[in-house]
Structure formats: structure tokens, C-alpha cells
Amino acid sequence: MIIDSEFSHYANLEKQLEEELTVEVTEVTSIDRALSFIQILPDLDFILLNINNFEAKEFVKLENFLIDENIDVALLVIGAAIPDRQKTTLLKFNIESMNFLDLVKDIFIKNDIERKKKSAQLFTPVEIGYILEHRETPFPVDFFLRIKRSEDEFQFIKRLHANELFDDEEIEKFKKHNVTQLFIQKNDYKTFLDFSLKINLNKKPASKMNSAFNYHLTREVLSLMGVDEELEKTVSTNIKEMEANLASNEALANYLNLIKKSPDSFAYAHSSLVALILNKVVGKFDWDSKMIREKICYAAFFHDLTLVDDKLTRVHSEEDLYKEATVEYEFLSQSKLRDKVFKDFEVEQILQHALNAAIIIEKIPSIPSGVGQIVREHHGSKNGIGFNNSQSISLQPLSMLFMVVEDFVHEMMKLEKITKADLQKIVKNLSLIYLKSNYKKAVEALYLIVDA
Ligand SMILES: [Fe+2]
Ligand SMILES: [Fe+2]
């Protein structure tokens, strides 16, 4: 069962549902998040939404997806503000006038009886595409293949033990027989979901980029931006404190370690430059503080946590998703062009990366509060999905500064050899783009830095 996370005000709902209906409850913060779960686990019991928390078009997107993909999961919506929909499992009711838990129970039981008729209750399907996408990762659960014995009888055969990998031959067989789903035991559901969330953390960070430019940050380059040895030292102290603080979190500690081990990599240069220059920029504001500088350090190193290679990290706008292919494939439409550069799951990963990284960051209590929000907002959208270049003023000030500085670093890293004039030109261009609020202030601070 998926519920939208705004339900917390219906006291204890999650706990009651888990206890009384013995279902697993997963909370999601957005429709897109719900969609990705449905794609991985199409056999949910329920999706419960409060329409007041979503725009109608988002709801329609979810509903259409269920219809198009022929996914038979009950969609329960609170709130009367939705126009009638056709061909749908939508159920409307008014929270004020009914006993909420009883109603959910009623529907659940009805649904569950029908479901029992259809297939065994002990297993839940997982999309095979998702498993193959992560075929180098051993999952901590057993996988089963479902075989139809008669009209309503299935047999489940174990194909893979927990913590083992599929071999090529097996995968060929799946393809040959058009297998689209594997199954896991319902008891393993939570383990599987938790593990899926963590998966990105275990991948290798950005590798060294094969460009003529060596990203090793020389003193010479740094001093063009007024980064002196003292500032370098302050930032490296912050990094050390961050490392000590995260020592008990194996995944994050590894991630940091791997970045630090390759100082010539895009990932290292990108993160350090963002940290250093952002330090310079906040130095121009009167709310500058030690705490702010600590947060900057976390955000600089972890904002692209869930992107696994440079090719993905370098995408900073919707256009970047297909730009690289435009010359060679000029005749193709935009969506086709995009496919030439990135695979579907990579596009998905890019569009969701800010949100996914924020979800992980916010689960770690030792990371200062507010870091998650910068990470979520670092491409301009408040919910962390996609890119928003409209300079929303509803982001927190630090996120706005982060965006401008990242843009600056991004442009700077495209250069083969960096001169002061180049940096001034970059800031000039940014001043034509960023016209309001703290975005503009960040550009003004950058002016002071590169003109000095
Ligand atoms: Fe980035
Ligand atoms: Fe990013």
C-alpha cells in the first residue's frame, strides 16, 4: 500500500493500517515517487491520496498510468474536488462524514478477496527491467518465476537465491520467453524496498572523464577566483569534520572516500569548486556563518549522490538530455534524440536525482538540517524533480546561491584553459540569465570575486 505522506495528520493511520490489515505501508512524497514504486512493484494493494496535496493533472497522470498499464490497484482519493473519471477504480468520499479506517478496511477486504481468487497471496511481482538494470547488484531477497498451472492456479519456482547474481544464460532465457515479471515473497517486500532505495549509494562515483582537460585544481586556477590557501584549509577542515561525522554510515563514507581518492576526476573538481566558490559567495552576505559553511560542504559533495557517472552529472538542463546528439542525428525528433544519448532509465535517474539524493540525506540524522532542502532544490524545482530555470523565489536563499554557483562551475569546467577574462565572461553571461532575488545577488557576488 502506498500512502501520500501528508496523511500523517490522520493520527496513527499508518500504524493502524499495518496492524489491523497486516499490510505493508509505504509513504511517498510525490506522485512521481508513487509512479516509480508502481513500476517496480505493480502488485500494490492500495494507493491512498489526499487530492488537496496534488494538482489535478498529477492525479490524472497517475490514474492514466494505471489504466494504460492495466494495473489493477485500487486508487483511493480523499477530497471531492476531482471531476468524475471514466474507467477507473477511483473512489471518492468525504473524510468528515465517514469513519476513515472502517471505510479503508471495507474496500481493502473486498479488494483482497478478489485478489485472492486471482493469484497466490504470498508473492508480489517485480518488474524484470528493474532487476536487469541492476543485474550487477546482488539483492537481499529470493526471486521466483511464476508458472501458470491452470486458469487460476500458479506455481512459483525459485530462480535466484538472495545475494546471488543472474548469469547471462538465464537472462537470455527470460528474453526469449518474454518474461516481464519476477516475484518476491511478500515477507521480503520491505527489505526489497529499503534496499532499492539504498542501491544508488553502493555504485561507484564518477569516474575520471576522458577529456583533454585535466581537472586537477591548481593553485593558479584557484587564485583566479580569490581562493587562497586559508580558504582551502577551511574547506578541507569542513570536509574532515564531515567525514568524521559520517564515519558510521558506511555507504556515505565510502562515497566520500572514493571521490577524494580521485582528485583528477570530474566529481572531485566539481564538488570542491562548488564548495570553495560558494564559500567565497556567502562571504559577501551578512548572514554568513560557520554553520552555513558546514551545510555548504555537505551539499557540495552530496548533491549528485544518486548519479553514478559523469555523463549524467554533467546534465544541467532538459536540453542537455539531447544536446550531444543534435549534430549527428539532426533529423530526429527531440525525444528520439534524447534516446540516442541516454537510456530511459538514465533519463529517469537524472530527472529524479535531486529528490532521490534529498530523501537519503534527510534520513541521516547527523547531517545538519537544511542540507536536504538545498540538495532537493539544486536544479531549481521545489520538489526535486526535473529542471526549473524560471528562478522560483520560493526556494531557500542558499539553494538559489547554490544554483548560480553550480552554473558558474559548470561553465568553467567546459574550458580547456582558464583565464581571468574567461571567468569574467561567464559571470557576464550569468548576469543576463539571473535577474531577480538572491539569484541576482549571487551573480553580483561572483562579479566582485572575478573582478578582484
Ligand atoms: Fe552538480
Ligand atoms: Fe545535480
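Biologist: Which residues does L446 touch, not counting residues up to four places away in sequence?

Modeller: Start with what a contact is: two residues whose C-beta atoms, placed from the backbone, lie within 7 Å. On that basis L446 touches V281, F408, V427 and L430, leaving out residues up to four places away in sequence. Please keep in mind that this is a predicted model, where local features need pLDDT of at least 70, side-chain atom pairs count only at pLDDT 80 or more, and totals for chains, interfaces and linings use all residues. Residues are numbered from 1 along each chain as its sequence is written, while chains are lettered from A and ligands numbered from 1 in the order in which they are written.

Biologist: How many residues has the largest nonpolar core, and which have the most contacts inside it?

Modeller: A residue is buried with 20 or more other C-beta atoms within 10 Å of its own, exposed with 12 or fewer, and partly exposed in between. A nonpolar core joins buried Ala, Val, Leu, Ile, Met, Phe, Trp, Tyr and Cys residues through C-beta atoms within 7 Å. Here the largest one has 62 residues, and I277, L278, L401, V404, V405, A442 and L446 have the most contacts inside it. Helix α11 gives this core its largest share, 12 residues. A second, separate core of 14 residues includes A34, F46, L48 and L49. Over the whole chain of 452 residues, 31% count as buried.

Biologist: At what angle do α11 and α18 pack?

Modeller: Two packed helices are described by the angle between their axes and the distance between the axes. Helices are DSSP runs of H or I with at least four residues, and strands are runs of E with at least two; the chain has 20 helices and 9 strands. Helix α11 (residues 266–282) packs on helix α18 (residues 397–412) at about 125°, with axes 9 Å apart. On the α11 side H270, L273, V274, I277, L278, V281 and V282 take part, meeting L401, F402, V405, E406, F408 and V409 of α18. These residues divide into 11 nonpolar, 1 polar and 1 charged.

Biologist: And at what angle do α18 and α19 cross?

Modeller: The axes of α18 and helix α19 (residues 420–433) cross at roughly 135° and come within 10 Å. That makes this pair oblique. V404, D407, F408, E411 and M412 of α18 make the contact with L423, I426 and L430 of α19. By class, the contact has 6 nonpolar, no polar and 2 charged residues.

Biologist: How many buried residues are there in α6?

Modeller: Helix α6 (residues 168–176) is hardly covered, and the count among its 9 residues is 0.

Biologist: Where is N178, and what is its phi?

Modeller: Most residues other than glycine have a negative phi. N178, in the loop between α6 and β9 (181–185), has a positive phi near 50°. N178 counts as exposed, with 7 C-beta neighbours inside 10 Å. N163, in the loop between β8 (153–160) and α6, has a positive phi near 65°. N163 is exposed as well, with 10 other C-beta atoms within 10 Å.

Biologist: Is L75 buried or exposed?

Modeller: L75, in strand β4 (residues 74–78), is buried, with 21 other C-beta atoms within 10 Å. Its C-alpha atom is separated by 6.0 Å from that of F46, 29 residues apart along the chain.

Key: Axes are lines fitted to C-alpha atoms, for helices over the stretch in contact, and angles run from 0 to 180 degrees between N-to-C directions. Ala, Val, Leu, Ile, Met, Phe, Trp, Tyr, Cys and Pro count as nonpolar, Asp, Glu, Lys and Arg as charged, and the others, Gly among them, as polar. Angles under 35 degrees count as roughly parallel, over 145 as roughly antiparallel, 65 to 115 as roughly perpendicular and the rest as oblique.
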